[in-house]
Amino acid sequence: MPSRIVFLSVPESLRGKIDALPHHHHDDGENEFSHENEFSIDPAIPLPVEIPEGEEKFDPAELSWEMILSGMIRVAAVDPEALNADYYRRFVFAVRPDIFQEFTGAAVIKAANGEFDMALDILASLEGLFPGSPAVLLNRALTLEEKARKEGAEELYDEAEKAWERVLALSPPLSEGLF
């Protein structure tokens, strides 16, 4: 399913520090990706915006934070090495510091409910945000293995095997992956 992204210049109202943005505060201090407290919006970098399904064209009056974050996540997932992907990742972390836990939880629930394609889409987004994350690679391998077991298609087993090879190749080794 191809996503529809448009790039917009940063509106005057968004220029400056991230403090002006509606973001969630967290107290755990555990998220290694949330140390970007001083994130500043760079007006020279366009904002990717995902046009919602079913809409023919983008209406600037409908612009929402979810559309901007969704666009940034989509760009990072499609091409983690893209020109501004790292900036988009830092922007997302500044606005949604708990995104790793949120998306991981959502993927696990989708997989448990047999919604494997949705779970894999969520995990692809996470992999774009956290390239090479052992936890994401492990969850992807587990989801593909379960999907292969339920659907029985040979190519799914091949895909699951490749996913497990990535997990087992991690250095240092991921103990959960060895089980």
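Before looking anything up, I wrote down the cut-offs for exposure: a residue counts as buried under 20% relative accessible area, as exposed over 50%, and as partly exposed in between. I also noted that the model is a predicted one.

**Entry 1: the aromatic pairs.** I found 7 aromatic pairs in the structure. One of them joins Trp65 and Phe91, with 6.2 Å from centre to centre and 40° between the planes, and it is listed as tilted. Because Trp65 belongs to helix H1 and Phe91 to helix H2, this pair ties together parts that are 26 residues apart in sequence. I then turned to Phe100 and Phe130, whose ring centres are 4.9 Å apart and whose planes stand at 85°, so this pair is edge-to-face. Phe100 sits in helix H3, which covers residues 99-112, while Phe130 is in the loop between H4 and H5, and the two are 30 residues apart. Both Phe100 and Phe130 are buried. I also noted one aromatic cluster, formed by Phe39, Trp65, Tyr87, Tyr88 and Phe91.

**Entry 2: H1 against H2.** At what angle do H1 and H2 pack? For helix H1 (residues 65-78) and helix H2 (residues 85-95) I read an angle of about 140°, with the axes 9 Å apart. The two helices are therefore oblique to each other, and their crossing is left-handed. On the H1 side the contact is made by Trp65, Leu69, Met72, Ile73, Val75 and Ala76, and on the H2 side by Tyr88, Arg89, Phe91, Val92 and Val95. Sorted by class, this contact has 10 nonpolar residues, no polar ones and 1 charged.

**Entry 3: H4 against H5.** Helix H4 (residues 116-129) packs with helix H5 (residues 134-151) at an angle of about 160°, and their axes are 10 Å apart. H4 and H5 are therefore roughly antiparallel to each other, and I noted a left-handed crossing for H4 and H5. From H4, the residues in contact include Phe116, Leu120, Leu123 and Glu127, and those they meet in H5 include Val136, Arg140, Leu144 and Lys147. By class, I recorded 8 nonpolar, 2 polar and 7 charged residues for the contact of H4 with H5.

Terms used
Residues are numbered from 1 along each chain as its sequence is written. This is a predicted model: local features need pLDDT of at least 70, side-chain atom pairs count only at pLDDT 80 or more; totals for chains, interfaces and linings use all residues. Side-chain values use heavy atoms; hydrogens and water are left out. Axes are lines fitted to C-alpha atoms, for helices over the stretch in contact, and angles run from 0 to 180 degrees between N-to-C directions. Helices (H or I, at least four residues) and strands (E, at least two) are DSSP runs, numbered from the N terminus. Angles under 35 degrees count as roughly parallel, over 145 as roughly antiparallel, 65 to 115 as roughly perpendicular and the rest as oblique. A crossing is left-handed if the near helix is turned anticlockwise from the far one by less than a right angle, and right-handed if clockwise. Contact means heavy atoms within 4.5 Å. Ala, Val, Leu, Ile, Met, Phe, Trp, Tyr, Cys and Pro count as nonpolar, Asp, Glu, Lys and Arg as charged, and the others, Gly among them, as polar. Rings of Phe, Tyr and Trp (its six-membered ring) pair if their centres lie within 6.5 Å; planes under 30 degrees apart count as stacked, over 60 as edge-to-face and the rest as tilted. Buried means under 20% relative accessible area, exposed over 50%, partly exposed in between (1.4 Å probe, protein chains only).
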